[in-house]
Amino acid sequence: MTVASDAVALGFALWASVSLHHGIFYLPPDWEGAAVYGLTVIATVLVFVRLGLYRAVLRFLSDRAILTISAGALTSVAWLWAFSKVVGTPLPSIVLVVYGALAFLFVGGTRLGVRALINRPGNRNKEPVGIVGVGETARQLASALAHGTEFRPAAFFTLEPSGHFSLVSAIPVFNISHAERVVRELGLKKVLLALDSEDAERRSPSEKDGLSGLRFRQQILNRLETLSVPVQAVPSVSGLVSGRVRVSDIRDLDIEDLLGRSPVAVDKALLSEGLQGRSVMVTGAGGSIGAELCRQIIRQRPRTLVLFEQSEYALYQIERELQGLADSERVDIELKPVLGSVLHRRRCVSVMSQYDVEVVYHAAAYKHVPLVEENVIEGVQNNVFGTWYTAEAAIEAGVSRFVLISTDKAVRPSNVMGATKRLAELVLQALSARQQSTVFTMVRFGNVLGSSGSVVPLFREQIREGGPVTVTHPDITRYFMTIPEAAQLVLQAGTMANGGEVFVLDMGEPVKIADLARKMIHLMGLTEVSLANAGGDIEVVYTGLRPGEKLFEELLIGNDPQGTRHPRIMMAREHAESWHFVADLLEQLSKASHGFDVARIIQLLVDAPLGYAPASRPDSAESTTSELAALANGLPDNVRPFKAGRDAAG
């Protein structure tokens, strides 16, 4: 069909060029003239075949097809001139020029016209969408959507005043201040963020930390939050370049978009300094923080990475993922998946010695505040004794560096989880003072967005299910960071350690959880149920503070943090205890744990120099001390609670 169309178009172009030159309705006077025209058409069609023009699908015709048609038209002019010379009736130059122009217009015009008809907006009843941005990413997105079956790009939005009412790829551009009116008038179903990196990172020379880029992005999100349609994003440029995602892969806004501050800059020299070519071990490697630590560590090309994990399934998953990552990054590394518990000290010593571990990142911990509040003994065992046993194993195995992943809940804790993490910090500080062979350090940060138990996935799920969105208290605030930021902080701070330090991140201003919930509701195109809007879509319900939960979290115990090589990492100056004091406290906690005496454990944590002030607690699942002790006394001789002291970890 296309070949026949081109033959007719070329024949008409030949006849029209000669007729225009002579000013009459021209017909060839003899068979030689007709043969010239026929041979020219046939030769040109063969040239188009050779150039691959007929393999192009009209719906997806690209700009390259225009160059192909131009080359074919020029070749056709050459054939026409050659054939006319052969038969002895050379054509004037003006005829050749007009013919070439008409051939290009007719052949190209028919294709572009058919493509426009096929891709016309109403052809498949596609939903109109708006695109924020006018850069390369935005144009690629518009092209991908135009060729798709679901969405039709109907408007671009820009912050540049000069771009208002211009056209990009035949799509109108509007200033983002007009977004509400444009969404209403064009009936847009959603708005897509497609900002180029240079747009999102605009900064003045004096703002080297990227704050202006953050304000740029936050300014856009604040304007879009008032719209009555969902706001989504397209993949990052790095994801597009790596081939992991396509520009048409539309997703909900990233956690980073909701964070409200600039990401922490990465010091690549710090990252690689303590990891490249070394043997590294990560405990709790299957958890959210441990897994991200492993991903970041692999990119620094260590010699060996030991994945120490208690959960068989989590270990299987992370080992599989990391092997794929190592293959894609072309990293020559030994991955060693090891099943084990941090409560088994001799097992830890064996693993560290077997693989000649030089650096340990201790991420194994129970972190869920209400669950640890209800399971005090297990929380103390895993978070305190697990840290102690693993640290002692590191000393015995000759590990050079040991980094503990701590939490802001360790600062003046009001819950058992925070108290156990603060005690774990004291254990490492005391061990650091007791010996010099292993450098111990701690890294403390706030809530990790996107980890297991994080509020963002929970809120997103609740919104999709129609609500309500549950928030514990209207005024509750938290410091937030992303999982990659947390992992990078741990790796960079661990490299700077000299022994016994507590590193914290300058995380900016804390985020109000209720405001985060409302922002997510609005950016998903819904409205909040309120007194002024009883017919809203999603209700925010306040459920009350959970056991051990505080309204505000802190990162520093003292008020005099010290700077480090990294501009966003601080070193806290905090009180430490002697090893003699800590060892005595651990012995008492061990006896109370073996006796299932939860009340005694709580009292020991309160009396210890942890700053622990427990909130009112419901009865713990482990508080039936006498019943459990009686049960233990009735066990056979070969089935007893584990022994007290360091041998309990063996």
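A: What follows begins with a pair of helices and then turns to salt bridges and the backbone.

This is a predicted model, in which local features need pLDDT of at least 70 and side-chain atom pairs count only at pLDDT 80 or more, while totals for chains, interfaces and linings use all residues. Residues are numbered from 1 along each chain as its sequence is written, and side-chain values use heavy atoms, with hydrogens and water left out.

Two packed helices are described by the angle between their axes and the distance between the axes. For helix α18 (residues 455-464) and helix α20 (residues 513-523), the axes come within 10 Å and cross at roughly 45°. Helices here are DSSP runs of H or I with at least four residues, strands are runs of E with at least two, and both are numbered from the N terminus. The axes are lines fitted to C-alpha atoms, for helices over the stretch in contact, with angles from 0 to 180 degrees between N-to-C directions. Angles under 35 degrees count as roughly parallel, over 145 as roughly antiparallel, 65 to 115 as roughly perpendicular and the rest as oblique, and α18 and α20 are therefore oblique to each other. The crossing of α18 past α20 is right-handed, a term used if the near helix is turned clockwise from the far one by less than a right angle, with left-handed used if it is turned anticlockwise. From α18, the residues V455, V456, F459, R460 and I463 take part in the contact, and from α20 they are I513, L516, A517, M520 and I521, where contact means heavy atoms within 4.5 Å. Sorted by class, the contact of α18 with α20 has nine nonpolar residues, no polar ones and one charged residue. Here Ala, Val, Leu, Ile, Met, Phe, Trp, Tyr, Cys and Pro count as nonpolar, Asp, Glu, Lys and Arg as charged, and the others, Gly among them, as polar.

Turning to salt bridges, the structure holds 15 of them, each being a side-chain nitrogen of Lys or Arg within 4 Å of a carboxyl oxygen of Asp or Glu. One of them joins R444 and E425, with the closest N and O atoms 2.7 Å apart. Because R444 lies in strand β13 (residues 439-444) and E425 in helix α17 (residues 416-434), this pair ties together parts that are 19 residues apart in sequence. R444 is buried at a relative accessible area of 0%, and E425 is likewise buried at 0%; buried means under 20% relative accessible area, exposed over 50%, and partly exposed in between (1.4 Å probe, protein chains only). Another salt bridge joins R181 and E185 at 3.2 Å, N to O, and these two residues both lie in helix α6 (residues 179-186), four residues apart, about one turn of the helix. R181 counts as partly exposed at 27% relative accessibility, whereas E185, at 54%, counts as exposed.

The backbone comes last. Most residues other than glycine have a negative phi, and most peptide bonds are trans. G467 and P468, however, are joined by a cis peptide bond with omega about 0°, and P468 is placed in the loop between α18 and β15 (469-471). R301, although not a glycine, has a positive phi of about 60°, and R301 lies in the loop between α12 (288-298) and β9 (304-309).
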